[in-house]
Amino acid sequence: MGYGRGMSFTPRRGAAWLVLSGLLLGATACQASVPEDLRTTQALPSPTGANGQPLAAAAGEHNAADTMFAEMMRVHHEQALTLSDLVLAKPGLDPRVRAMAQQIKAAQTPEIDQMVGWLAGWGITPGSMGDHTGHMTGMVSQADLEKIRAADGASGQKLFLKHMIEHHEGAVDMAEDELRLGLNPDAKALARTIIAAQEKEISEMRTLLKAL
């Protein structure tokens, strides 16, 4: 997980590595649930993004790690949008928290589109590889999502920051796995972008959480 970048093997990163290793061992089985003519040998019709424009496929070769990264990070990002929407709906929100939630949505929405385009190009329908939600680090439980939904603005924004920090840490771990195990240059470039952006946001959110 990026150990060549001077990172230590922490328990959290070790757990993420063991989980992804198991998922990659089962990647062939996951794809077995996808109809034969919809696997990586045949691209799906190009989906369109929010602007109605076709989504681009990823250039170059890919492997099971790239496919798992795109599918799992897509789901991970979608929950980040859910978290952001929950807090943005609250009255009396601190402007700095509002700006952070809007920033997360602005960054991750096009990244979701990007990964959906890659999956289509690789012959994978999003969601067809099974539900790996429980295997992704940083995902927020349904119970905690409901706590954020039910909280007032002051409490909700603190819960949002707490859980989004953990959520971002999980995304960084997943992106580092892609750099270690993936093959596709576009996917690896996105992984680097996610690491840089989300590590910066983690630092900003920790500072903001202390200030509230």
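Predicted model: local features only at pLDDT ≥ 70, side-chain atom pairs only at ≥ 80, totals over all residues.
Local features require pLDDT of at least 70 and side-chain atom pairs pLDDT 80 or more, whereas totals for chains, interfaces and linings use all residues. Residues are numbered from 1 along each chain as its sequence is written, and side-chain values use heavy atoms, with hydrogens and water left out.

**View 1. Helices α4 and α7 in contact.** The axes of α4 (residues 95–121) and α7 (residues 185–211) come within 12 Å and cross at roughly 165°, so the two helices are roughly antiparallel (an angle over 145 degrees between N-to-C directions). Contact, meaning heavy atoms within 4.5 Å, involves residues including R96, M100, Q108 and W118 of α4 and D186, L190, E201 and A211 of α7. By class, this contact has 11 nonpolar, 5 polar and 5 charged residues.

**View 2. Helices α3 and α5 in contact.** The axes of α3 (residues 64–88) and α5 (residues 142–150) come within 9 Å and cross at roughly 25°, which means that α3 is roughly parallel to α5 (an angle under 35 degrees). Q79, L83 and L86 of α3 meet L145, I148 and R149 of α5, a contact with 4 nonpolar, 1 polar and 1 charged residues.

**View 3. The aromatic pair of W118 and W122.** The structure holds 1 aromatic pair (ring centres within 6.5 Å, using the six-membered ring of Trp). W118 is buried, with a relative accessible area of 2%, and W122 is buried at 3% (buried means under 20%, with a 1.4 Å probe and protein chains only).

Note on methods
Axes fitted to C-alpha atoms, helices over the stretch in contact; angles between N-to-C directions. Helix = DSSP H or I, 4+ residues; strand = E, 2+ residues; numbered from the N terminus. Parallel < 35°, antiparallel > 145°, perpendicular 65-115°, else oblique. Nonpolar A, V, L, I, M, F, W, Y, C, P; charged D, E, K, R; others polar. Phe/Tyr/Trp six-rings, centres within 6.5 Å; stacked < 30°, edge-to-face > 60°. Buried < 20%, exposed > 50% of the residue type's maximum accessible area, 1.4 Å probe, protein only.
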